[in-house]
Amino acid sequence: MTRAVTRTGRGSRGSTVSLALPWPVWVPAVVAFGLIAVPVAGLIVRTDWPNFAALVTTDAALDALWLSLKTGLTSTALCLVLGGPLALVLARSNIPGLPFLRSVVLLPLVLPPVVGGLTLLFLLGRTGPLGQLLNAWFGITVPFSTEAVVIAQTFVAMPFLVVSLEGALRTAGERYEVVAATLGASPLTALRRVTIPVVLPGLISGSVLAFARALGEFGATIAFAGNLQGTTQTLPLLIYIQSQNDLDGAVAMSLVLVVVAVLVIVATRTRDVSGVR
Amino acid sequence: MISARRLVLTALAAAVTLGVAACGSSGGEQQQAAPARTLTISAAASLTDVYNQLKPQFEQAHPGTTVRFNFGGSDTLAQQVVQGVPTDVLATASPKTMQTAQQAGRIEGQPVTYAANSLQIAVAPGNPKQIANLQSLVGPQVTEAICQPTVPCGQATQAAERAAGVTLDPVSQDPDVRTVLQRVTTRNVDAGIVYVTDVKATNGQVQGVDFPQASAQGAGQTYPIGVVAGSQNADLGQQWIQFITGPQGDAALTQAGFQLK
């Protein structure tokens, strides 16, 4: 029941210190786990297994799965490329107003995703200030495109990467970079050869969180990108629409989403543990 | 035991109720007049305005009664009733969704059909793209949003398309009619196929264009209403149905753009 970690103490007598978890931790921990696991297990029970293969291989389902994977990966890459540097700025720079900037970055976590999608629409929609410019200069209309799906997903997923990475950067501290600098490394070399390897686990777990969030994204997508098979209908959108008249199909596809998410988490977890440190 | 469970479920249903300030009206002063009762009505989203407008009149005529609404897509509401969500009246936007609840044995007696609605093309005021009919929506020069084929307005749209012999090329197939409307009011599409009542509800933010196939077989919308089986407030539910089909209900429905049945 309890996990006892025994290690040699630093004390002069060489005594052992027991780091058992205090008992009040266990009950809420079990409740918390149950709250997440039991409904998902219910999904498995509720699945129409004899027709499962047919339900998840319809044209619409395959289109949606492919689109979800494609846009989810693209959004995660964008989160890395844009959010990584943002995390560095938040953790390592001393520009004024950092606490304010940090709270702005967290806003997509607080905003209902539909509102996030609407704000994107106000900015990039046909009558939005940026949308009008894009349309006039390049003839680009952003809403209702696959790009709009990626933008919506990146919007909601970004904080997950930034927060994880900023935490990792703060925990790691700057001492190795200081040493590298005294040995003559340029800031860019120190970033590439020291900082990134040190925070790699944080970078990976942040990316996984961002990918998972992008994969499950619904509200911002439907508000900003619409719903059209093959173009903007990701798996969560299809699941929502199916749930209104074909629950079996919705449940089966939800299970596919769960499996994809679990696969990604497990794959990165094992790399995390065996690869780094 | 049962009443405690019912209380919790009713509270849940209240939490689900969207944007309705039903809670505020259950003031203490009403409780002295008559035993306080709450009539819960699950109604199609397109009925939101009319039902909210009629609520105070009904409450006034039935002292001690609080009406609260659970507005949503007809499919969702029918599913909820089938799953046993505690509600007293079900008012959907299609016979098919009502049948779903009936076949599950969740509707008492025969539902009453009391209103109808027809499709219209919603466009920006002044109709800048000169949209005259369904045919003029086809092609890349005009972008349009329509309802997903699984919801009633999407099925009606498909019926109209068949009658006109055109296949639309929408940029979005939305899960409900109000989302389609929002895309037109925010000017992100040139046109949207919605109901006459939706166009009226925007108070001039969009203009409606009539088209002949709106009266085609299957393109219209009819509104059935029925009391949910096992309701503790079946009598009140019946009174709501009489009220909605009576003169006050008729006036509100007509004003909102519904046709009476």
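This is a predicted model: local features need pLDDT of at least 70, side-chain atom pairs count only at pLDDT 80 or more; totals for chains, interfaces and linings use all residues.
Chain B holds an open sheet of 6 strands and an open sheet of 5 strands, while chain A and chain B bury about 1700 Å² between them.

**The six-stranded sheet of chain B**

- The strands follow the order β2-β1-β3-β10-β4-β11 (chain B), and their pairing is mixed; β2 (65-72) and β11 of chain B are the edge strands, each of them pairing on one side only.
- Strand β4 (residues 107-117) of chain B is joined by 7 bridges to strand β10 (residues 221-228) of chain B, the two running antiparallel; along this pairing, Glu108(B) stands opposite Val227(B), and Val112(B) stands opposite Ile225(B).
- β4(B) is also joined, by 2 bridges and again in an antiparallel arrangement, to strand β11 (residues 259-260) of chain B, where Leu260(B) is the bridge partner of Ala115(B).

**The five-stranded sheet of chain B**

- The order here is β7-β6-β8-β5-β9 (chain B), with mixed pairing in an open sheet.
- Because β7 (172-174) and β9 (207-209) of chain B stand at the edges with a single partner strand each, one side of each is left without a neighbour in the sheet.
- On average, and with direction ignored, neighbouring strands of this sheet are turned by 35° against each other.
- Strand β6 (residues 144-147) of chain B and strand β8 (residues 191-195) of chain B run parallel and are joined by 2 bridges, with Ala145(B) standing opposite Gly192(B) of β8(B).
- Helix α7 (residues 177-185) of chain B lies across β5 (119-123), β6, β7 and β8 of chain B, and its direction is at about 140° to that of β8(B).

**The interface of chain A and chain B**

- Chain A gives 18 residues to the contact and chain B gives 21 residues; of the area of about 1700 Å² that the chains bury between them, 50% is on carbon and sulfur atoms.
- Arg126(A), Phe144(A) and Gln244(A) supply 39% of the area that chain A buries against chain B, which is more than any other three residues supply.
- The rule finds 1 salt bridge across this interface: Arg126(A) forms a salt bridge with Asp190(B), and their closest N and O atoms are 2.7 Å apart.

**Salt bridges in the whole structure**

- A search of the whole structure finds 12 salt bridges over all chains.
- One of them is formed within chain A by Arg46(A) and Asp248(A), whose closest N and O atoms are 3.0 Å apart.
- Since Arg46(A) lies in helix α1 (residues 26-46) of chain A and Asp248(A) in helix α13 (residues 247-275) of chain A, this pair ties together parts that are 202 residues apart in sequence.

Terms used:
Residues are numbered from 1 along each chain as its sequence is written. Chains are lettered from A and ligands numbered from 1 in the order in which they are written. Side-chain values use heavy atoms; hydrogens and water are left out. Two strands pair if DSSP finds at least two bridges between them. Helices (H or I, at least four residues) and strands (E, at least two) are DSSP runs, numbered from the N terminus. Axes are lines fitted to C-alpha atoms, for helices over the stretch in contact, and angles run from 0 to 180 degrees between N-to-C directions. Contact means heavy atoms within 4.5 Å. Buried area is the accessible area (1.4 Å probe) that two parts lose on being put together, summed over both. A salt bridge is a side-chain nitrogen of Lys or Arg within 4 Å of a carboxyl oxygen of Asp or Glu.
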